[in-house]
Protein chains: 2
Amino acid sequence: MNALERFDLPVSAIPRRWYNVVPDLPELPDDYLDPVTREPVGPQYLETLLPRALIAQETSLERWIAIPQEVRDAYRLWRPTPLYRALALERHLDTPARIYFKYEGSSPSGSHKLNSALAQAYYARLEGVERLVTDTGAGQWGSALAVAGARFGVDALVYMVRTSYKTKPARRQFIETYGQQVLPSPGPHTAYGRDLLAARPDHPGSEATAVSEALETVRAHPGSRLSMGAFANHVLLHQTVIGLETREQLQSIGAVPDYLVASVGCGSNLAGFAFPFLADKLAGAEMTVLAAEPAACPTLTAGEYRYDYADSGRLGPLARTYTLGHAFVPPPIHAGGLRYHGAAPLVGLVRHEGLLEARAYPQHEVFEAGTLFARLHGLLPAPETAHAIRAVIDTAHQCRERRHPATIVFCYSGHGLLDLPAYHSHHTDPMVEEEPVPHAAVR
Amino acid sequence: MNALERFDLPVSAIPRRWYNVVPDLPELPDDYLDPVTREPVGPQYLETLLPRALIAQETSLERWIAIPQEVRDAYRLWRPTPLYRALALERHLDTPARIYFKYEGSSPSGSHKLNSALAQAYYARLEGVERLVTDTGAGQWGSALAVAGARFGVDALVYMVRTSYKTKPARRQFIETYGQQVLPSPGPHTAYGRDLLAARPDHPGSEATAVSEALETVRAHPGSRLSMGAFANHVLLHQTVIGLETREQLQSIGAVPDYLVASVGCGSNLAGFAFPFLADKLAGAEMTVLAAEPAACPTLTAGEYRYDYADSGRLGPLARTYTLGHAFVPPPIHAGGLRYHGAAPLVGLVRHEGLLEARAYPQHEVFEAGTLFARLHGLLPAPETAHAIRAVIDTAHQCRERRHPATIVFCYSGHGLLDLPAYHSHHTDPMVEEEPVPHAAVR
């Protein structure tokens with residue numbers, strides 16, 4: 001019995017334009033606010049932080065933005081990525097639903113993150129930026145920027161969340177093998193890092209602490225610019241190659257999605273995957289966009305929609321989105337890429353507008369789902385991706401109960417080959433749970 | 001500037017038949033000999049070791065052998081694999097040569113090994129075999145059999161060379177995540193392993209010790225059969241999907257190979273990649289087939305062509321091939337997949353017939369080549385694959401000197417994502433060399 005079907009696109013089908021969802025949304029996003037004046041930030045402020053091309057994309061109201069030929073050429077290394085139908089999973093769940101997944105795991109850095117890293121490194125090179133400084137959670141973004149920097153000849157400095165830095169040596173080694181620098185956050189290289197360590201020497205770090213250290217470093221070195229792996233509008237924009245390809249692949253087989261499922265930390269894979277379908281939804285298509293997040297960091301299911309800082313040091317602008325509070329330090333779960341206190345502002349807005357549902361899952365259920373998927377289909381998902389698979393399994397069970405032959409499509413954001421120690425821990429002692437989130441911290 | 005070109009085949013182009021080189025060779029392979037009687041082994045002997053379908057393939061004189069539809073379906077997960085042109089490497093080397101590579105790193109187990117593992121697990125399932133027992137060096141074969149066993153519902157028991165078992169925990173964890181069993185070799189689970197450990201408690205193991213333990217286990221458990229990741233003719237046969245696809249891809253762009261380059265431990269990726277071109281070579285095409293091996297285990301460059309045991313415990317048949325002697329224990333280099341004392345008999349025969357050249361490289365040159373390739377092209381090669389890249393760089397330099405616009409094609413046998421500690425060691429102290437091979441041991 002066939003375990004799966006695969007639907008490819010030719011290399012010529014790599015998208016020529018990114019899709020900007022902003023002009024299609026019912027409301028425009030709120031401005032970013034200056035952390036000192038609380039006034040909307042202008043281009044002058046942003047120019048000290050980001051390459052200019054990205055600032056233009058950040059605030060663009062154009063629906064379509066051309067992908068530079070050099071970036072399309074770089075995408076050719078692994079794009080277009082395949083769409084698969086997961087027949088073995090459907091049979092195992094005995095569901096009438098059809099389950100498809102868009103496979104971003106063939107990227108050389110292992111995840112969808114490279115879609116934006118290549119664009120950012122290209123623009124940095126074009127504008128003479130010497131070094132991109134960034135933060136990384138589980139290390140997937142740092143790995144992507146390392147590959148992209150090597151490809152376009154731009155140095156990268158990666159602040160890696162301390163808990164991941166300690167538990168994921170392979171990610172560090174990956175970044176270093178590409179000739180780039182990686183430092184733990186919090187660490188002794190910035191004033192902010194030194195303060196945090198003085199107050200709590202065993203501080204596990206979070207993406208919010210790493211962003212603060214990256215911001216401080218960029219401010220201190222004029223040839224450097226900030227690079228973000230999620231959160232910002234331009235990053236989500238770059239990721240829309242995922243959804244644009246998926247849309248074309250589904251159309252080619254006459255499939256119409258009822259459910260679009262992705263994991264969410266900040267939301268870059270969800271946004272890149274689902275935003276290109278939102279215009280259809282706004283035009284009346286019945287379609288559920290479903291975000292799967294960790295119970296240990298339940299931004300969309302337990303957060304509040306309000307202005308908050310993007311970084312724990314309050315060095316960068318404020319944005320309006322769903323947040324657990326910038327001081328929230330999530331427990332050190334294995335899906336380090338989902339340990340961020342806030343959703344990307346555009347993902348928050350879409351949720352606020354009622355276009356996005358969310359569910360939170362405990363870690364052991366997530367690893368059970370990832371292990372099942374690996375054994376059925378041969379592909380080992382990243383812990384982040386396994387959240388989406390967990391939500392797909394739930395949805396498929398509901399379809400069985402309701403005898404609904406729905407079409408479920410999920411984003412397989414990355415492979416778990418560098419997360420094997422996490423799978424090992426799960427199998428050795430599956431019931432070791434993440435710490436529960438104290439209610440007081442969820443603000 | 002474009003870093004590479006990519007040439008894909010549609011899913012429908014997955015080969016329908018494997019290519020058996022035997023009927024096209026000038027001489028037939030020599031028989032396997034029974035370890036006790038030294039008489040040619042018959043099917044009755046082999047039936048205690050292998051599934052019947054594989055015995056038929058082992059001794060077949062048919063040029064083409066049909067690939068079962070179930071195996072082709074399973075290949076769809078990642079096949080056909082892309083052929084790339086490495087433009088950035090060409091420019092970096094300032095060579096008039098064109099460099100192409102066939103990319104086997106997108107396999108879910110990370111290497112070409114899955115091509116044969118899926119076939120072996122399929123036949124085992126078909127014939128009611130309960131468990132496949134095997135050996136693995138670096139762990140790539142064990143990983144492939146774990147994925148294939150999970151896919152077709154067959155248990156796998158993997159004896160992993162002790163030095164890799166200790167230094168590559170991710171490979172162990174990979175095998176276990178797929179629900180399969182992995183044990184260190186030598187280890188206390190077999191009489192042979194206990195003997196070795198009694199004589200030398202820190203014995204690093206080798207593929208030859210692991211094969212002996214696998215053989216002992218199969219003999220003791222009638223529902224078990226042996227599975228081999230290289231060496232045997234049927235394994236090389238399964239790997240010919242690599243070369244058959246490559247041939248079609250090269251033809252589609254009008255390229256004719258002057259050099260076919262691959263790394264060699266036993267030689268399964270070299271054979272699978274290059275054998276489908278041998279008929280052209282025998283018909284007069286000027287074409288160099290080049291094997292790259294580690295200086296620490298120089299089977300083809302320093303071995304002797306004679307009958308020898310395939311396993312160090314002398315439990316299995318003898319075969320005629322290039323060998324360093326079945327008691328040879330190579331130093332624990334990072335490219336654990338190349339630590340085997342003998343070439344596959346068909347690879348040895350092809351070398352003996354003058355159809356194959358070989359070069360040996362020291363470890364630090366290999367890692368330099370792998371690192372260069374990763375930074376130029378974004379893809380991190382397995383240490384085994386990096387041997388081939390080292391040989392390609394040498395060949396491209398020669399082409400520059402001779403102003404020869406040759407077409408060089410190499411087999412990118414697998415990715416190095418689970419070998420990051422090895423890259424890390426290289427970058428930390430690149431001049432730590434493998435121990436030199438004592439001359440007395442090379443017999």
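**View 1. The side chain of Asp311(B) and the backbone nitrogen of Leu315(B).** In this predicted model, a polar atom of the Asp311(B) side chain lies 2.9 Å from the backbone nitrogen of Leu315(B). The side chain of Asp311(B) also makes a polar contact with the side chain of Ser212(B), at 2.5 Å. A polar contact here is a pair of N or O atoms within 3.5 Å; within protein, one must be able to donate a hydrogen and the other to accept it, and residues adjacent in sequence count only if both atoms are side-chain atoms.

**View 2. The surroundings of Asp311(B).** Asp311(B) sits in the loop between strand 12 (304–309) and strand 13 (318–323) of chain B. Helices (H or I, at least four residues) and strands (E, at least two) are DSSP runs, numbered from the N terminus. Asp311(B) is buried and has no salt bridge; Arg219(B), the nearest side chain of opposite charge, is 7.3 Å away. Buried means under 20% relative accessible area, exposed over 50%, and partly exposed in between (1.4 Å probe, protein chains only). For charge, Lys and Arg count as positive and Asp and Glu as negative, while His and the chain ends are not counted. Leaving aside neighbours within four places in sequence, the residues in contact (heavy atoms within 4.5 Å) with Asp311(B) include Ala208(B), Leu215(B), His326(B) and His341(B).

**View 3. A salt bridge between Arg76(B) and Glu5(A).** The closest N and O atoms of this pair are 3.4 Å apart. A salt bridge is a side-chain nitrogen of Lys or Arg within 4 Å of a carboxyl oxygen of Asp or Glu, and the count between chain A and chain B is two. Zooming out, the contact takes 42 residues from chain A and 42 residues from chain B. In chain A, Arg6(A), Leu77(A) and Thr177(A) lose the most area to chain B, together 18% of what that side buries. Buried area is the accessible area (1.4 Å probe) that two parts lose on being put together, summed over both; between these chains it is about 3600 Å².

**View 4. Ala232(A) in its loop.** Have a look between strand 9 (224–227) and helix 11 (233–252) of chain A, where Ala232(A) lies. Ala232(A) is buried, with a relative accessible area of 1%. Not counting residues up to four places away in sequence, Ala232(A) touches Tyr32(A) and Glu58(A).

**Notes on the views.** Residues are numbered from 1 along each chain as its sequence is written, and chains are lettered from A and ligands numbered from 1 in the order in which they are written. Local features need pLDDT of at least 70, side-chain atom pairs count only at pLDDT 80 or more, and totals for chains, interfaces and linings use all residues, while side-chain values use heavy atoms, leaving out hydrogens and water.
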